[in-house]
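Q: I would like to learn how to read a model of this kind feature by feature. Could we take helix packing, burial, the interface and the confidence values in turn?

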Amino acid sequence: MVAINIEKRTFRDFDWLLAILAIGIVCFGVTQIYNAQPEMTTWQKQIGGLFIALIAMLIVSFTDYRRFVDSAPLFYGIGLFLLIIVLIPGIGTKINGQRCWIDLGFIRFQPSEFVKIPVVLMLAKYFGNRKIGVLKFKEIGIGIAILAAPIALILLEPDAGQAITYFPLLIVVLFLSSIKIRWVLLTIVAAIIFTPILFWVGVETGKIKQYQLQRIYVIIDPESADPKGFGYHTIQSMISVGKGGLTGSVGETELSQSSLKFLPEPQTDFIFAVTAENTGFIGCVSLLLAYALLLSRLVAGARESSDRTGVIVIMAITGELAFQIFMNMGMVLGFLPVIGVPLPLMSAGLSAILSTFIAIGFVISVRMRRFVN
Amino acid sequence: MKLADYSQNLGVRVSTIQVFAFLLLAALGVRLYYLQVVRGEYFSDKAENQRIRVIRVPAPRGAIFDRNGKLLVDSRSTYNITLTREPIKGINPVERIDVYADGLGLDRQYLTELLTWIKKQPEFETAVIKKTASIEDITWVEAHQLEYPELRVELQPQRVYPLGTSMAHVLGYVGEISPKQLLTPEFEKFRAGDIIGKGGLEQYYDETLRGSAGYRRVVVDSRGRVIDEIESVPPQAGQDLYTTIDLDLQVAAEEQLANSSTKRGTIIAMDPNNGEILAMASAPTFDPNAFVLHSSTPEGRKQINEYQNNANRPLLNRAIQGRYPPGSTWKIPMSVSGFQQDLITEENNSILCGGGITIGAKHTRCMGNHGMAPLRYAITKSCDGYYYRLGIKMGIDGLTKMVEEFGYDKPSGIDLPNEKTPRTPKYFRAAKEKAYGRWIDIESVFASIGQVTVEATPISMLRAVSSVASNGKLYVPHLLKEFKAMGAVGIKGELNYLPEKAAFGFQHPEPKEIKMTEKQHQIIVDGMKGAVAGGTAKKAAIGGFVIAGKTGTAQVAALGLDKGKNKDHAWFVSFAPADKPEIAIIGLIENSGFGGDNAAPAVRGVYQAYIAKRGLVGLDTQTLAVK
């Protein structure tokens, strides 16, 4: 069903810059994974993951994205099915209290990473064909419904970190689908007013649990929060970042924060702390610029898209990546709560790298079909 | 711009998203600048000043009690001074000998060894430099924290043996694992400085007594001071051990040995109906506290040295590690095997004494001339001539069969480490046959009265004779009565959860069946009763309490040379009440002379302690009822 038809023109239209940028970030990530765990094979696995991801990206990019969008309900159904079976003990593997992995023996994958793609396709299918005009409440309701099913299942795992990364998909799609600016402004104003009120009510009624409260207090004042408990990870992460200074402390792996086990999960959620310690401000800003370039490239693809569906696919992916980068780095830099969001293209993990490259494959696919046939 | 085709402001909205994304990245950049450039130095200092250290929390070792719940061994809290390599990795630790020796009152020789060892260890290695530190030591270490950050004070449960030298061989002692042990697979998971059982019950049941250590993961600053605790896993204490020992009998046995002529020997009391050891004394003895408390002080090391080099070998548990010719006590298993091998029968068990036997030109004499002696009489009078002839009839094959029947070719299986296997004709057969071309009769003659090719452990003799008391059941002697249960530690399902440890007792193997008829049994018991009533063991008799016994006087040197240091070993093995045995006791006094004069009275003393506890009245009626 997936016809790959490579012509000269396809090569010319293939977004080489985007692909090379993504591969470059992954390679940089591999060196940092090695720094984090020099004695383990994690970094080698990541290289293997990159090759698998590249193949997946090529398949997706040489296939017309509209075919995928047409079959969106099928993919969406498969996605929900995976999210359901991962909850069944015996199929889903429990790690650190979260049942979010399916272990096939030779490989272990995380459905919640992949289901973002069917959700994007489903949103694109519905909102890509809508008539011009102001967004109706019914349409907003359908958008919310598409998002609600996977989020509810992911919260059952429970994996709040993954669930949160689904929100920007809908927000971006609604924003692009001509939601009235006054609604956007109203939401922002409401959030500013109600968040502190809800927080106060939550604390007073005990709905916000003590550990959740601790995580929030840590951000407000990490130095005086309980440094042994919830503040520990945040403080150690900030120390690692700060220690990097301007140029980083290369060559001191024996004394690094991560190899002395001050950092939890240095190869995944805290990979940016390792990067900051090793490469310093210069390395970190370079990485930020690389991400900025990558995001710009995605947006450029959206601008050249031949149809509205393509715009929605690309911009949802863009919004999601930007949001993940912000959440992860915000946590490492100690101003967002410690929540399990991987850093796209940098964190070790086959599921994350594969789903990101599949998403990039879609972007390339859209871009290659920018000229209406 | 194609976007214009769909909605007049789609392009603007895309741009808005892009700008928003860039703003987020810019915010991250600003934060990075603040953390790395503005406050970089501050965080570098913080990183420099923290290290993670794992502090072990040792598990309190299980206590040991006697069968009635009297405390034999306990642990108390003390403080150790430890030395960590890491803070002084830049210097040769040997340079600090004078500092430590003066500050903590330590032996220089000991420090040289310790510091030379730690010099070769990895950075985070820690060694105990002084045990049971005094208040002065602790103050000194605390006061010099800045100069000598390598020293620390650690809480350590300390083993205490309140009875001192009493029961030392049974209890054993604990000590630091030796560097040699650390290299063996059995101790793979151990670290230098870990405390393990060494000898006795402490060693045999080490794993159960030890429990599981917990640990604390802490953040320490560059001076080694704990600033934070990251994780704390509590230890699970070891299980309490109840032994089969009756402390009153034990003390009585030890007193008897202390009052004996040479003060060297052993007394063991056992319940013949199940193999429970009621008392096990060995003299001379030692103080286990010396090993635990003083191994780092000059006096303590001197004391241990003395124990190890003393010609009387106080560290030897004579009950299970001493091998002696059993002399005439050997005649009891000989008698049983005589019946089993059909050499004597219930009706016809008389053999000529002849005042001895002449083989070739050599005459081996009996102590008297007992004529044509029946077995009962031969046991009562300890007639050698009778057994010379029985031994020749048995020959080496018969003797080997007897050795195997009573398990003399194996250790008894008692729950103590390093038990010795007796040496018997079976063991010496090959060597003797090589020397003479065949097994010659004179060897059977000597072996028949437990000499020359017989070297038995006292426990093996007691076990064999107890099998007569229990009508043919050869039990495995043991000291474990029960290990008490220990509760679970931690939360179920968590990684560090330690489940509850159930109570358990000694895992009795099926006793071996020694075949003998009721009549055969009665003949042997009657002979032993006679020995105490009016035979060789008169000095063991107690009015109203019928003891069945057999003396032994084992030759150490040839006749005429058996004086002073080379005097005979005195044996007495027995059980009582003779017709319904509750207790079997063996006594051995080294180089003290005649068994009836030296060992029998010592064993009698233990019986008296037993009667004092149990009461004579009940016994009297019981013995009468059986009759």
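Q: In which crossing, left-handed or right-handed, does helix 5 of chain A pass helix 8 of chain A?

A: Handedness describes the sense in which one helix is turned relative to its partner. In this predicted model, helix 5 of chain A passes helix 8 of chain A in a left-handed crossing.

Q: How are helix 5 and helix 8 of chain A oriented to each other, and at roughly what angle do their axes cross?

A: The axes of helix 5 (residues 72-85) and helix 8 (residues 137-156) of chain A come within 9 Å and cross at roughly 15°. Because angles under 35 degrees count as roughly parallel, helix 5 and helix 8 of chain A are roughly parallel to each other. The contact is made on one side by A:G79, A:L80, A:L83 and A:I84 of helix 5, and on the other by A:A149, A:P150, A:L153 and A:I154 of helix 8. By class, this contact of helix 5 with helix 8 of chain A has seven nonpolar residues, one polar residue and no charged residues.

Q: At what angle do helix 3 and helix 16 of chain A pack?

A: Helix 3 (residues 42-61) and helix 16 (residues 350-368) of chain A pack at about 25°, and their axes are 7 Å apart. That angle makes helix 3 of chain A roughly parallel to helix 16 of chain A, and the crossing in which helix 3 passes helix 16 is right-handed. Residues that make the contact include A:G49, A:L50 and A:A53 of helix 3 and A:F357, A:G361 and A:I364 of helix 16. The residues of this contact between helix 3 and helix 16 of chain A divide into 16 nonpolar, four polar and no charged.

Q: Is A:I314 buried or exposed?

A: Burial is read here by counting neighbours around a residue, with 20 or more counting as buried. A:I314 has 31 C-beta neighbours inside 10 Å and therefore counts as buried. A:I314 lies in helix 15 (residues 308-332) of chain A. Leaving aside neighbours within four places in sequence, its contacts are A:L298, A:G301, A:A302, A:S305, A:V363 and A:V366.

Q: How many residues of chain A are in contact with chain B?

A: The size of an interface is often given as the accessible area lost when the parts come together. The description here is instead by residues in contact: 42 residues of chain A are in contact with 32 residues of chain B. On the side of chain A that touches chain B, the elements giving two or more residues are helix 10 (167-176), helix 13 (230-244), helix 14 (271-303) and helix 15 of chain A. Helix 14 of chain A gives the largest share of that side, twelve residues. The residues of that side of chain A divide into 29 nonpolar, eight polar and five charged.

Q: What is the mean pLDDT of chain B, and where is the pLDDT below 50?

A: Where pLDDT is low, the predicted coordinates should not be read in detail. The mean pLDDT of chain B is 87, and 93% of its residues reach 70 or more. Over residues 1-5 of chain B the pLDDT is below 50, and this stretch has eight contacts in the model beyond near neighbours in sequence. Over residues 620-627 of chain B the pLDDT is below 50 too. For the complex, the predictor gives an ipTM of 0.89 and a pTM of 0.63.

Technical notes
Residues are numbered from 1 along each chain as its sequence is written. Chains are lettered from A and ligands numbered from 1 in the order in which they are written. This is a predicted model: local features need pLDDT of at least 70, side-chain atom pairs count only at pLDDT 80 or more; totals for chains, interfaces and linings use all residues. Helices (H or I, at least four residues) and strands (E, at least two) are DSSP runs, numbered from the N terminus. A residue is buried if 20 or more other C-beta atoms lie within 10 Å of its own, exposed if 12 or fewer, and partly exposed in between; C-beta atoms are placed from the backbone. Two residues are in contact if their C-beta atoms, placed from the backbone, lie within 7 Å. Axes are lines fitted to C-alpha atoms, for helices over the stretch in contact, and angles run from 0 to 180 degrees between N-to-C directions. Angles under 35 degrees count as roughly parallel, over 145 as roughly antiparallel, 65 to 115 as roughly perpendicular and the rest as oblique. A crossing is left-handed if the near helix is turned anticlockwise from the far one by less than a right angle, and right-handed if clockwise. Ala, Val, Leu, Ile, Met, Phe, Trp, Tyr, Cys and Pro count as nonpolar, Asp, Glu, Lys and Arg as charged, and the others, Gly among them, as polar. pLDDT is the predictor's confidence in each residue, from 0 to 100.
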